Amino acid sequence: MLYQNLARPVLFRIGRGDAERAHDFTMRWLTRLSEQRQVRNALIKANRLSAPVTVCGIPFPNPIGLAAGLDKNGVAVGAWPALGFGFAEIGTVTALPQPGNPQPRMFRAKQSQAIVNRMGFNNEGAQALAARLQASPAVDCPLGISIGKSKAVPLEGAIDDYLTSLRFLYPFADYIAINVSSPNTPGLRQLQDAGALRALLGALHAEGVRLAAGRPTRPILVKIAPDLTEPALAQLLGVCLESGVAGVIATNTTLGRDGIIPAEDAVAAEPGGMSGKPLTLVSREIVRFVHRETNGRLPIIGSGGIMTPDDAQAMFDAGASLVQIYSGLIYNGPGVVRGSARRYRKTVRRHQSAAHS
Ligand SMILES: Cc1cc2nc3c(=O)[nH]c(=O)nc-3n(C[C@H](O)[C@H](O)[C@H](O)COP(=O)(O)O)c2cc1C
């Protein structure tokens, strides 16, 4: 409640007219927190709920993660566990540093609890992220690193472009997320087509084996769009299963606009991907479909419209092993992270005591 009544009004005022200003302000604050080891450690102790779970061979302190896109350059890796997160996905980064699309490019539909963005992978590049992570003190939670295609590189050059990022970042990632689902890089979603995806995943898997040099390989997860038809999604999942992919992140933002109220149709008219509350049911149904279609063989990270602990629990019930939050953090603050972990822990305990009785 403190967040909704105190911090959010200030942040939304800073970001009035351009939501990205509030984002930059918050990130500067979190970067500072990330660098304050003692404060950070005290906050981790106070805020992070223990609800341990192992997924894809990685032990997570709790299954509630930060979704990609908020900490694209890994400037606040120490702050995320201090806010209660059990893991964080940083990036999306690209092989080439790039400025992203012209501003404004992030829009809030407050009453609908939605965000429309067309950031376009603004980031400092994979090499800069690797250097920053190399210099960072030990990170207190598992890190996923999301990689995407540089805008200047044509689709035919995508594989080499992803491989370049993979080589820089492999040593620093607990898992690698392959972003083929952002709507804001022209043509990117075509990499979800079976042929293109098979070639890309085959190359990344082979390079992962080479980089692991005899040690266990890092899990590779594929992040998918919520806008695929069921047959296209079923085909994509088949390719994932045959390519040694460790799991799926479902979902990215949608091109749809259902759920934005008419009073906010100026935001709905902005080009870009929509996240937040209108995505809740869409993403949950995709998670349910992926779980059913793969018979639970591919672990799922559920992402999309988790605004409350109940939404997080519903995502687990639909088949997710882990969840990620972005818009829910903006609208409802870090309380939703702790609340979701607490809710998950309660459910696990209830199941355990039912199994023992
Ligand atoms: C401003 C913004 C930037 C984002 N950037 C990325 C990104 O770089 N890579 C990515 O995989 N997803 C990105 N996303 C998508 C989120 O990771 C998440 O999948 C999506 O917003 C749905 O979750 P939510 O409803 O909790 O926000 C971005 C989302 C927002 C709102």
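# Reading the calls in this model

Modeller: Pro-104 sits in the loop between β4 and β5 (106-109). This is a predicted model. Let's start at that proline.

Colleague: What is the peptide bond from Gln-103 to Pro-104, cis or trans?

Modeller: Cis, with omega near 0°. Most peptide bonds are trans. Thr-251 is in the loop between β10 (247-250) and α9 (265-268).

Colleague: Which place does UniProt list for "active site"?

Modeller: Ser-182, in an unreviewed entry. Such annotations may be inferred rather than shown by experiment. In the model, Ser-182 falls in the loop between β8 and α7.

Colleague: What is Ser-182 in contact with, leaving aside neighbours within four places in sequence?

Modeller: Phe-121, Leu-188, Arg-189 and Asn-252. Contact here is heavy atoms within 4.5 Å.

Colleague: Move along to α7. How do you know that its span agrees with its number of residues?

Modeller: α7 has 19 residues, which should span 27 Å at 1.5 Å a residue. The end C-alpha atoms of α7 are 26 Å apart, so the two agree.

Colleague: What are the buried residues of α7?

Modeller: Ala-194, Leu-197, Leu-200, Leu-201, Leu-204, Glu-207, Gly-208 and Ala-212. An α-helix has 3.6 residues a turn, so residues three or four places apart point the same way.

Colleague: What covers those buried residues of α7?

Modeller: The cover includes α6, β8, β9 (220-224) and α8 (230-242).

Colleague: What follows α7?

Modeller: Ala-213, with a positive phi near 45°. Most residues other than glycine have a negative phi.

Colleague: Now α6. What makes its reach close to the expected value?

Modeller: α6 (residues 158-169) has 12 residues. From its first C-alpha to its last, α6 reaches 17 Å, close to the 16 Å expected at 1.5 Å a residue.

Colleague: Which residues of α6 are buried, and what do they pack against?

Modeller: Buried are Ala-158, Asp-161, Tyr-162, Leu-163, Ser-165, Leu-166 and Leu-169. They pack against β4 (87-93), α5 (126-135), β7 (143-147), β8 (175-179) and α7 (194-212).

Colleague: Which residues have the most contacts inside the largest nonpolar core?

Modeller: Trp-80, Tyr-162, Ile-178 and Ile-224, in a core of 86 residues. α7 gives the most to this core, with 6 residues. Apart from it lies another core of 10 residues, among them Tyr-3, Phe-12, Met-119 and Met-307.

Colleague: What is Trp-80 in contact with, leaving aside neighbours within four places in sequence?

Modeller: Met-27, Leu-30, Leu-66, Leu-70, Asp-71, Phe-85, Ala-88 and Leu-329.

Colleague: Which way do the residues of β13 point?

Modeller: Leu-322 and Gln-324 point one way, Val-323 and Ile-325 the other, and all are buried.

Colleague: What do β12, α11 and β13 make?

Modeller: A right-handed β-α-β unit, with α11 spanning residues 309-318.

Colleague: Back to phi. What is the phi of Cys-56 and of Asn-295?

Modeller: Cys-56 has a positive phi of about 55°, although it is not a glycine. Cys-56 is in the loop between β1 (53-55) and β2 (58-60). For Asn-295, also not a glycine, phi is positive at about 50°. Asn-295 lies in the loop between α10 (280-293) and β12.

Colleague: Why do Cys-56 and Asn-295 get the accessibility classes they do?

Modeller: Exposed means over 50%, buried under 20%, and partly exposed is in between. Cys-56 has 27% relative accessibility, so it counts as partly exposed. Asn-295 has a relative accessible area of 63%, so it is exposed.

Conventions: Residues are numbered from 1 along each chain as its sequence is written. This is a predicted model: local features need pLDDT of at least 70, side-chain atom pairs count only at pLDDT 80 or more; totals for chains, interfaces and linings use all residues. Side-chain values use heavy atoms; hydrogens and water are left out. Helices (H or I, at least four residues) and strands (E, at least two) are DSSP runs, numbered from the N terminus. The expected span of a helix is 1.5 Å times one less than its number of residues. Buried means under 20% relative accessible area, exposed over 50%, partly exposed in between (1.4 Å probe, protein chains only). A nonpolar core is a set of buried Ala, Val, Leu, Ile, Met, Phe, Trp, Tyr and Cys residues joined through side-chain atoms within 4.5 Å. A crossover is right-handed if, with the strands pointing away from the viewer, the path from the first strand over the helix to the second runs clockwise.
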